[in-house]
Amino acid sequence: MPNPNHGDQSGDHSLNVGVGDFRGANVNISNSERPTFTPEQLYIERHPAFGGRSLDSSSVSSFGYITGAASLIGLYFTVFQPPLGGQSSWSTFFMFSFVVAVMAVAMSAVLRRRKFDHFFGSRHYLEMSQNGRLAVNRLTAQCPWCGSLMHLRHVGPKEGPREDLFLCERNPRQHTIQLDPTALPDLED
Ligand SMILES: [Zn+2]
């Protein structure tokens, strides 16, 4: 038995699939109530250390590989074929240079991703330029609350997570700004 089609079949036949519309949704991923500032508002300045000298990052990592291989070979010979006397001091030397090599390789690998990391001490920062050159800089800013000088410091508990904060010279406890290094202008060679 045919099924007569009743009803109005007109229409634009458009199909409305509910794709989530997130426009206007307020996604808050920031967990602090601290205000944010742009680098322009803070007058962030870079102060190059070591007279503005920079290093090629690929030569840093190849330095690491060569030194690492050389120190392993040296370690092998001092441990398994000890020369007369002085064995322990040589193996210490090769161990030390191996650690230096691993650090050089790891550091350039980290910087290739992050372009910014704190350097030894708390005031100096290693940065990688667009052309892959490494330079050490200090960073200062102007306090948006009182106009005093601010220094970027790597601060935090000894074992805990540390963060990079601009600390005001006049009120270093309350006038602090967390730095987002990705907001910094690119380092030019
Ligand atoms: Zn201040």
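Let's start with a term you'll need: a residue is buried at under 20% relative accessible area, exposed at over 50%, and partly exposed in between, using a 1.4 Å probe and protein chains only. Across the protein chain, 29% of its 189 residues count as buried.

A quick word on the model: it is predicted, so local features need pLDDT of at least 70 and side-chain atom pairs count only at pLDDT 80 or more, while totals for chains, interfaces and linings use all residues. Residues are numbered from 1 along each chain as its sequence is written, and side-chain values use heavy atoms, with hydrogens and water left out.

## The overall layout

The protein chain has three helices and eight strands. Here these are DSSP runs numbered from the N terminus: helices are H or I with at least four residues, strands are E with at least two. Reading from the N terminus, the order is α-β-β-α-α-β-β-β-β-β-β.

Contact means heavy atoms within 4.5 Å. Of the contacts in the protein chain with a separation of 6 or more, 54% are between residues 24 or more positions apart.

## Two stretches from the record

An unreviewed UniProt entry lists residues 63–80 and 92–111 as "transmembrane region". Its positions are given in the numbering used here, feature names are shortened, and annotations may be inferred rather than shown by experiment. In the model, residues 63–80 are 100% helix and 0% strand, with the end C-alpha atoms 26 Å apart. Residues 92–111 are also 100% helix and 0% strand, and their end C-alpha atoms sit 28 Å apart.

## The zinc site

Which residues hold the zinc ion? The ion is coordinated by Cys143 (SG), Cys146 (SG), Cys168 (SG) and His175 (ND1), at 2.1 to 2.3 Å. Donors are N, O and S atoms within 2.8 Å of the metal (3.2 Å for Na, K and Ca), and sites may look incomplete because water is not among the atoms. The donor residues follow the spacing C-x2-C-x21-C-x6-H. Cys146 lies in the loop between β5 (133–142) and β6 (149–155), and Cys168 in strand β7 (residues 163–168), so this pair ties together parts 22 residues apart in sequence.

The zinc site is tetrahedral, with angles of 101 to 118° among its four donor atoms; four donors get that label if all angles lie between 85 and 135 degrees. As for disulfides (pairs of cysteine sulfur atoms within 2.5 Å), the structure holds zero.

## Nonpolar cores

A nonpolar core is a set of buried Ala, Val, Leu, Ile, Met, Phe, Trp, Tyr and Cys residues joined through side-chain atoms within 4.5 Å. The largest one has 14 residues, and those with the most contacts inside it include Ile44, Phe116, Leu139 and Phe166. Strands β5, β6 and β7 each supply at least two residues of this core. A second, separate core of nine residues includes Val60, Met128, Leu134 and Val136.

Leaving aside neighbours within four places in sequence, Leu139 is in contact with Ile44, Phe116, Met150, Leu152 and Phe166, among others.

Methods
Four donors count as tetrahedral if all angles lie between 85 and 135 degrees; four count as square planar and six as octahedral if opposite donors are over 155 degrees apart and all others between 65 and 115; anything else is irregular.
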